[in-house]
Amino acid sequence: NNTSPDRLFVPLNSDPYRGFESSGKTAEFRGVNSKFNTDTVFVGRTVELRRGYSTDDSLWGEITAVDTGTSIESLVSEWFSELQYKNRTKEEIIQSVKNQLGDYDEFIVFEVELVE
């Protein structure tokens, strides 16, 4: 298992994982919390994107850009091309983020450049 103690672990559902793997998705959207915040998510940090918690399906990369904000709509609009996969519309992505992260007051988006 290629885990690194200084890596940011990012568990993903199958669809977003596949988006990173093959569909051009390069950014992830999260609510700001103790794990995902400007102290833990920063340019240059190694990231492990894993499909679920217990699989061996991992993609490794490095954070290349970070953005925070309080408006889901404006962050999705700004980062639409990096967040998009499976030809989802901007409205579909906004609704998905609201469904998953609607309880958060602040959000963080980070771009990941995959490494082999």
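## A buried lysine and its partner

At 6% relative accessibility, Lys25 counts as buried (buried means under 20% relative accessible area, exposed over 50%, partly exposed in between, with a 1.4 Å probe and protein chains only). Glu28 is buried too, at 8% relative accessibility. The side chains of Lys25 and Glu28 meet in a salt bridge, 3.3 Å from N to O (a salt bridge is a side-chain nitrogen of Lys or Arg within 4 Å of a carboxyl oxygen of Asp or Glu).

This is a predicted model, in which local features need pLDDT of at least 70, side-chain atom pairs count only at pLDDT 80 or more, and totals for chains, interfaces and linings use all residues. Residues are numbered from 1 along each chain as its sequence is written, and side-chain values use heavy atoms, with hydrogens and water left out.

## Other salt bridges

Side chains of opposite charge can pair when their charged atoms come close. The structure holds 8 salt bridges. One of them joins Asp15 to Lys86, with the closest N and O atoms 3.3 Å apart. This pair links distant parts of the chain: Asp15 sits in helix α1 and Lys86 in the loop between α2 and α3, 71 residues apart. Asp15 is partly exposed, with a relative accessible area of 41%, while Lys86 counts as exposed at 53%.

Glu21 and Arg18 are 3 residues apart, about one turn of the helix. Glu21 is partly exposed at 40% relative accessibility, and Arg18 is partly exposed at 35%.

## The sheet

An open sheet is formed by 5 strands in the order β1-β3-β4-β5-β2, with mixed pairing. Two strands pair if DSSP finds at least two bridges between them; helices (H or I, at least four residues) and strands (E, at least two) are DSSP runs numbered from the N terminus. β1 (8–12) and β2 (27–31) stand at the edges with a single partner strand each, so one side of each has no neighbour in the sheet. Neighbouring strands are turned by 40° against each other on average, direction ignored.

Strands β3 (residues 46–51) and β4 (residues 58–69) run antiparallel and are joined by 5 bridges. Val47 stands opposite Gly61 in β4.

## Helices against the sheet

Helix α1 (residues 14–22) packs on the sheet and touches β1, β2, β3, β4 and β5 (107–115). Contact here means heavy atoms within 4.5 Å. The direction of α1 makes about 130° with that of β3; axes are lines fitted to C-alpha atoms, for helices over the stretch in contact, and angles run from 0 to 180 degrees between N-to-C directions. Helix α2 (residues 72–83) lies across β2, β4 and β5, running at about 155° to β2.

## Helix α3

Helix α3 (residues 90–101) has 12 residues and reaches 16 Å from its first C-alpha to its last, close to the 16 Å expected at 1.5 Å a residue (the expected span is 1.5 Å times one less than the number of residues).

Which residues of α3 are buried? They are Ile93, Ile94, Val97 and Leu101. Seen down the axis of α3, the buried residues fall within an arc of 100°, so they line one face of the helix; the arc is that of the directions from the helix axis to the C-beta atoms. Their cover includes β2, α2 and β5. The face of α3 turned away from this buried side carries the exposed residues Glu91 and Asn99.
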